[in-house]
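Please look at the sequence and the model shown here, and follow the report below with both at hand.

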Amino acid sequence: MDDCIIIGAGPAGLTAAIYLARYHLSIRLFDCGTSRAAWIPCTRNHAGFPDGIAGNGLLRRMREQARKYGALREEKRVEHLARAGAHFTVGTDSGTYTARTVLLATGVVNRRPDTLPDEVHDEALARGLLRYCPVCDGYEVTDRRIAVIGTGRHGTAEALFLRGYTADLTLVSPHGDHDLDRACSAQLEEAGIARVAGPCGGFAIEGERLAFDTADRRMAFDSVYPALGTTVRSELAQLAGAETNEDGCVAVDDHLETTVPGLFAAGDVVIGLDQISHAMGQAGVAATAIRNHLADDRPIRR
């Protein structure tokens, strides 16, 4: 039986693996290869990398660091999680494992426009024509021509956030007319943010811009931000009986333990700021809490 099984090998899972391995604990790190961090062509707000670093490059460095201390990443997809007495059973696509504790670092998935082809999406993302995180990279679109695909309060909030970087900003509804209450409309009007009705379609890279059709005309932008929300990967937490909020985020205490004793969660699957630095900080807290949780049950000594 392992001391801890970590599910997910993004920044949170890998940070936890480094900590737990250095605590001389027996761990497994399961990864299905879909970390959202791998999408990042270059992050420039991660401390310590003044010239930026690609998401894949950061993950590679973290995997190497974890491996140095004996934490090996295993390519397995976890399909089931359950509490079984004093331990957990973790069912994967290639076998079942047991652990005294489990850390969920399963993250979230960004929702993209449903008419955006994969090949256009991937190239636009790599070239910075499509972006998902204004907190991460709003600085890079300073004074550029920007579109936010979204509506309602969520779309309005993202557009208003980006207004701090550029005045040339358009909020485009993904499907038909906008769904905006009076408060949202007033805020957009006061900020000088244009509104265009959808639907959006015909996405293509045209020169140095991402272009698409709207209800009235074809438009092109230096960068486009989908503000369509995320899908939280909290199904395993729910299978194990852990509480989640209305958005699906896993509920945790100050030490990142869920409502199921011995089950912890860190990173974007927990409500908070969806940032690499935040995920890593949570993972450090969770890993130390896991170590102390295990020591309460059985002293950890050399």
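Four strands form an open sheet, in which the pairing is parallel and the order is 10-9-8-14. Strand 10 (194–196) and strand 14 (223–226) stand at the edges with a single partner strand each, so one side of each has no neighbour in the sheet. From one strand to the next, the twist averages 25°, where axes are lines fitted to C-alpha atoms, for helices over the stretch in contact, and angles run from 0 to 180 degrees between N-to-C directions. Within this sheet, strand 9 (residues 169–172) pairs with strand 10 in the parallel sense over three bridges, and Thr-170 stands opposite Ala-194 in strand 10.

The model is a predicted one, in which local features need pLDDT of at least 70 and side-chain atom pairs count only at pLDDT 80 or more, while totals for chains, interfaces and linings use all residues. Residues are numbered from 1 along each chain as its sequence is written, and side-chain values use heavy atoms, with hydrogens and water left out. Strands (E, at least two residues) and helices (H or I, at least four) are DSSP runs numbered from the N terminus, and two strands pair if DSSP finds at least two bridges between them.

Ile-6 has Leu-103 in strand 6 as its bridge partner, Phe-88 has Ala-99 in strand 6, and Val-102 stands opposite Leu-263 in strand 16. Strand 5 and strand 6 also form a hairpin, with two residues between them. Seven of the ten residues of strand 6 (residues 95–104) are buried (under 20% relative accessible area, with exposed meaning over 50% and partly exposed in between, for a 1.4 Å probe and protein chains only). Strand 6 is therefore largely enclosed by the rest of the structure.

At the surface, Val-135, Phe-161 and Leu-273 form a nonpolar patch with about 250 Å² of accessible area together. Such patches are made of residues with over 30% relative accessible area and no salt bridge, nonpolar side chains (Val, Leu, Ile, Met, Phe, Trp, Tyr) being joined within 5 Å and like charges within 9 Å. A salt bridge here is a side-chain nitrogen of Lys or Arg within 4 Å of a carboxyl oxygen of Asp or Glu, and the areas come from the Shrake-Rupley method with a 1.4 Å probe. Phe-161 is found in helix 5 (residues 152–162) and is partly exposed, with a relative accessible area of 40%.

Cys-32 lies in the loop between strand 2 (27–31) and helix 2 (55–68), and at 36% relative accessibility it counts as partly exposed. The C-alpha atoms of Cys-32 and Ala-9 are separated by 8.1 Å, although these residues are 23 residues apart along the chain.
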